[in-house]
Amino acid sequence: MPPGGATLEQAASEKHYLMKPPADGKGLLPYRFTQRRKEKLVFDATESGMTLYICCRYENQKGETGQWGPVAYTLIP
């Protein structure tokens, strides 16, 4: 999310920037699925200073998902 929230153009873009902070994981688009314990996230230099929101949930081998965890956030360096 850009500082102050995304504009309509940014929200409608390919990156789907957020206009306001999400209340829970349902407010975030699915971005990445992984089975690793650690996952490296790489961002464009233009996203430096933006806020990253992340929320995780478990999925079993049948594709059944659990409840969303808490929303965490940090600034992209």
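Guide: Welcome! In the loop between helix 1 and strand 1 sits E47; helices here are DSSP runs of H or I with at least four residues and strands are runs of E with at least two, numbered from the N terminus. This is a predicted model, where local features need pLDDT of at least 70 and side-chain atom pairs count only at pLDDT 80 or more, while totals for chains, interfaces and linings use all residues. Residues are numbered from 1 along each chain as its sequence is written, and side-chain values use heavy atoms, leaving out hydrogens and water.

Visitor: Why is E47 called buried?

Guide: Its relative accessible area is 6%, and buried means under 20%, exposed over 50% and partly exposed in between (1.4 Å probe, protein chains only). So E47 counts as buried.

Visitor: Which residues is E47 in contact with?

Guide: Leaving aside neighbours within four places in sequence, E47 is in contact with K15, Y17 and I76; contact means heavy atoms within 4.5 Å.

Visitor: What makes Y53 and Y73 an aromatic pair, and why is the pair called tilted?

Guide: This is the one aromatic pair the structure holds. The centres of Y53 and Y73 are 5.8 Å apart, with 40° between the planes. Rings of Phe, Tyr and Trp (its six-membered ring) pair if their centres lie within 6.5 Å; planes under 30 degrees apart are stacked, over 60 edge-to-face and the rest tilted. So the two rings pair, and the pair is tilted.

Visitor: What does the pair tie together?

Guide: Y53 lies in strand 1 and Y73 in strand 2, so the pair ties together parts that are 20 residues apart in sequence.

Visitor: How do you know whether Y53 and Y73 are buried or exposed?

Guide: Y53 has 16% relative accessibility, so Y53 counts as buried. Y73, in strand 2 (residues 72–75), has 63%, so Y73 counts as exposed.

Visitor: Are C55 and C56 buried or exposed, and how do you know?

Guide: C55 has a relative accessible area of 12%, so C55 is buried. C56 is at 54%, so C56 counts as exposed.
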